[in-house]
Amino acid sequence: MAFQKAVKGTALIGGGAIATVFGLSQFSQYRNKHGTFVHAQAAEAVTVPIMNHFPTREQQILALQTTGEFDVLVIGGGATGCGCALDAVTRGLKTALLERGDFSSGTSSRSTKLIHGGVRYLQKAIMKLDFEQYKMVKEALEERANLLEIAPHLSAPLPIMLPVYKWWQLPYYWLGIKLYDLVAGSQCLRSSYVLSKSRALELFPMLRKDELVGAIVYYDGQHNDARMNLAIALTAARYGAATANYAEVLRLLKTTDPASGKERVCGVRCRDVLTGQEFDVKAKCVINATGPFTDSVRKMDDQEVPNICQPSAGVHIVMPGYYSPDNMGLLDPATSDGRVIFFLPWEKMTIAGTTDSPTDVTSHPIPTEEDINFILNEVRNYLSVDVEVRRGDVLAAWSGIRPLVTDPNSKDTQSISRNHVVTISDSGLVTIAGGKWTTYRAMAQDAIDAAVQAHDLKAGSSKTIRLQLQGAEDWSPTLYIRLVQDYGLESEVAQHLASTYGDKAFEVAKIAQVTGKRWPIVGKRLVSEFPYIEAEVVYGVKEYARTAVDMISRRTRLAFLNVQAAEEALPRIVDIMGKELHWSEQKKEEELEAAKKFLYYEMGYKVKSDQLTDSSEISLLPSDIERYKKRFHMFDKDKKGFITILDVQRVLESISVQIAENTLHDILNEVDLNKNGQVELNEFLQLMSAIQKGHVSGSRLAVLMKTAEENLRQRMVIPVDRSGGGLWASCKPRVSKGTFPYWHHCHSAWSVPATFCRW
């Protein structure tokens, strides 16, 4: 009876909502019909020539220094800033862009990786009859379709499942998702559909079964956000924009307008962060597109201007790929505190997030243990009890600052706008703020439209609809096959190159080193479990990468996928970059330390390592303590109460296994809490207790000691092979005879021998 009432009520409300939304959609499509025909040909209308290759950074800096005056100067190299540069330069405007860090080094590389309209915003639009929210969703869905078209190698549709655990919610959520399809209209990626309980579990077997009624699946887009941002920047550079990363704006330049007597912004004083050189860049119009740092640039113009940015921190975590199906995401529409959590496959891993909490503006946001545990707890609520969600399986974590804004043009200046705002100061500074990743192109178009009008620039309408980005022109889903056939690359590596560089993947393949193996012929991996190869580091330097952090976080995505694998790849990355950029040994050491610091604080390495601390509680059964003590004493033959590298080497030699000394040092250092060069019994017991509780996932030392113990008992020879997390790269087993147990491959930070999975 209750279910029937719910269905009837939902049908009545839904009928009105559908009629309303359908009417709005038809009106919007009718109103924009003429514009659509114009936009369809926008890319073909670009008359600015495009270069085959983008200039070097040195050439870009020279252009900034020697150009008398630009039409448009953009501050900020995130998605919106690069979008502004591309929009301006393709209109024929002389364009420059300055970014004090790397392209996409801020919020634009730390997103949920979704290209979406916003299901929750549509819900609010309907419930509150908010036409502005509706327009925002409609615009985002249009931009979603465009972004999937202009960069198909970096983006793709993704089905997302919404599990339903109460009968009355099924028609309610079904209606909401169908309205989402309806608003998208002809640009709907694929029609949503309902699944039975059994079918939902078949497609998402990790799902919690208890009380599951069914599920609804809808489609949104997913992309590689940092690489997408870079593609926009490189495309702008190829069209002639003078774009430079590591170029910091120190202050705004102003001149007095002889006609009005008012001060007008006419350029900036900037500094090349890499060389320390300062110079002026003059421009008719300066655009502030600095995301969370919007107010700091506005205050360069006017110290008295009130803040409009309301920064919000969003934390994401990355877990092993086995936590989700390869091609199905999950949406938790109502978490314990009312937020929305996504659980998505990404780059063969699983990404979960995001939180939403007020924060201070910083260039180096740090994920907190509280936020990580919140996400893990929400994930546990939706996964089967058979799946143990362990804190130790968090391979990386990061925090991004979302630049929510209040509209200074609105009567209610305290109300946060979910849409973007464009403002022009009395001195002519154009500010574009707010919005979301998906709508970067529309935001850029609005900003340049405002700049053209306010500064009387000679330019036509926007040309960026359907304008293909770097790598998209000759890309096809089967391009990777040619890479395998023509260059002898591994299939996995070839697919990665094709989906990262598009038709430019051939340029990377051409400089790939010969492996010396029968197969693959070329393409030396940076770490064995990820498809990134050394040639990408060389090519990344051409793509304006200037630090090791650029390479591990934005040219490759290693830091976002597995912090320990990223750390392992660092020495080789620094060596290659050092050769390309002529670094001294001191500079290489500085880059190595800076990158390790980045991983430690900003990518979750610290909160991961904090799971094992001096104060960690030992909660083991007496029988377990005795068992682990016996294992420890197999290494501590002299009953010293601690083990050193020499102790471990002696045991390994007895079973004919050899591991490089520096690798052994790293293995012990992970557990050596007081950093005295030795692992004490209490530290070892803390480690085993943390592993049992799931706080630590498969420590290398624990695996090593377990396998050595079993081998000594059975007189087997056991190789120490690398794992899914890549921590055994420099282990070189020397085996004279014997048999080998399988080491199963997983995408966690470590692997455990298949025969020794139970501690």
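This is a predicted model: local features need pLDDT of at least 70, side-chain atom pairs count only at pLDDT 80 or more; totals for chains, interfaces and linings use all residues.
Local features need pLDDT of at least 70 and side-chain atom pairs pLDDT 80 or more, while totals use all residues, and side-chain values use heavy atoms, leaving out hydrogens and water.

**Whole protein.** Show everything as a cartoon: you're looking at 26 helices and 21 strands (DSSP runs numbered from the N terminus, H or I of at least four residues for helices, E of at least two for strands). Of the 759 residues, 57% are buried, meaning under 20% relative accessible area with a 1.4 Å probe, protein chains only.

**Two helices.** Now select residues 79–90, helix α4, and residues 440–455, helix α12. Their axes (lines fitted to C-alpha atoms over the stretch in contact, with angles from 0 to 180 degrees between N-to-C directions) come within 8 Å and cross at roughly 55 degrees.

**A strand residue.** Next, pick Leu 158 in strand β4, residues 155–164. Is Leu 158 buried or exposed? It's buried, with a relative accessible area of 3%. Not counting residues up to four places away in sequence, the residues Leu 158 touches include Leu 114, Tyr 218, Met 328 and Pro 345. Finish on Asp 220: its C-alpha atom is 5.5 Å from that of Leu 158, though the two are 62 residues apart along the chain.

Definitions and conventions. Residues are numbered from 1 along each chain as its sequence is written. Buried means under 20% relative accessible area, exposed over 50%, partly exposed in between (1.4 Å probe, protein chains only). Contact means heavy atoms within 4.5 Å.
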